[in-house]
Amino acid sequence: MSKKKSQGPRVGIIMGSAKTDMETMIKSGEALNRLGLIDGTDYEWGNKSVHRTPDRAEEYARTAKERGVEIIIAGAGGSAHLPGMVASMSKLPVLGVAVTSNPDVLNRALGSMIGMPEGKPLATFQGESGAFNAGLFAARILSLHDPELADAYEVYEASLVSGVIGVDEDLATKGGHVFYDQLLADKAAKEFAQKTYQG
Ligand code: RP5
């Protein structure tokens, strides 16, 4: 959608271990998709283990800006050094996402991100909703100099309002029990579709 897409990806979404973190980090991509940004064109992905491939993680942090990336979203769980390391090395704004697998892991990951030392800012988000919000936050920053994206964001915000009003009207017209039954049926259909997709 963006006029600037010919410049290459403007958002980089990276993570310490895609095999572990992707279930959370895909939400950042979903948020960007929602605003009309295109996977692989407007934003890119990377698997950068700061523990196992520190040189590759460092190279990404140091070179992303010169390739045209404007914002990095970095997700990690457990011993979550990647977001802080990238925030320390890159000249770009970095949004860290603490990946949730269990409460202990989350707390460790979150602490490592919100506890960054003075002078090294790292915006911090948590879990799947946090990953989605990190995508929105990245779009917010880009929309400062991208009117088309700013418009798309307005449309998204309007959809949040109409969504809440729609549910409110459903509750009033159908009643709570019918609404709840429909909610459960929708959830079951979604889970079935996911299982079918995963084989
Ligand atoms: C972190 O360690 C990664 O971000 C991941 O969340 C966690 C576990 O990684 P793997 O066991 O998948 O290598 O660095």
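Trainee: What distance separates a polar side-chain atom of T20 from an oxygen atom of the ligand?

Mentor: Bear in mind that we are reading a predicted model. T20 belongs to the residues around the ligand, among them also S17 and R52. Between a polar side-chain atom of T20 and an oxygen atom of the ligand, the distance is 2.4 Å.

Trainee: Which distance lies between an oxygen atom of the ligand and an N or O atom in the side chain of S17?

Mentor: The side chain of R52 also has an N or O atom placed 2.4 Å from an oxygen atom of the ligand. For the side chain of S17, the corresponding distance from an N or O atom to a ligand oxygen is 2.6 Å.

Trainee: How many residues of the shell around the ligand are polar?

Mentor: The residues around the ligand are G16, S17, T20, D21, H51, R52, A76 and G77. Because Gly counts as polar and Ala as nonpolar, the shell divides into 1 nonpolar and 2 charged residues, with the polar ones numbering 5.

Trainee: In which pocket does the ligand sit?

Mentor: A molecule is assigned to a pocket if more than half of its atoms lie within 2 Å of the pocket's grid points. On that criterion, the ligand sits in the second largest pocket.

Trainee: Is Y43 buried or exposed?

Mentor: Among the 4 aromatic pairs of the structure is the one formed by Y43 and W45, with 5.9 Å centre to centre and 70° between the planes, hence edge-to-face. W45 is partly exposed, because its relative accessibility is 27%. Y43 has a relative accessible area of 1%, and since the cut-off is under 20%, Y43 is buried.

Methods:
Residues are numbered from 1 along each chain as its sequence is written. This is a predicted model: local features need pLDDT of at least 70, side-chain atom pairs count only at pLDDT 80 or more; totals for chains, interfaces and linings use all residues. Side-chain values use heavy atoms; hydrogens and water are left out. A residue is near a molecule or strand if one of its heavy atoms lies within 4 Å of it. A polar contact is a pair of N or O atoms within 3.5 Å; within protein, one must be able to donate a hydrogen and the other to accept it, and residues adjacent in sequence count only if both atoms are side-chain atoms. On a 1 Å grid over the protein atoms alone, a cavity is a set of points where a 1.4 Å probe fits but cannot get out, and a pocket is an open set with protein on both sides within 12 Å along at least five of seven lines; lining residues have an atom within 4 Å of a point. Rings of Phe, Tyr and Trp (its six-membered ring) pair if their centres lie within 6.5 Å; planes under 30 degrees apart count as stacked, over 60 as edge-to-face and the rest as tilted. Buried means under 20% relative accessible area, exposed over 50%, partly exposed in between (1.4 Å probe, protein chains only).
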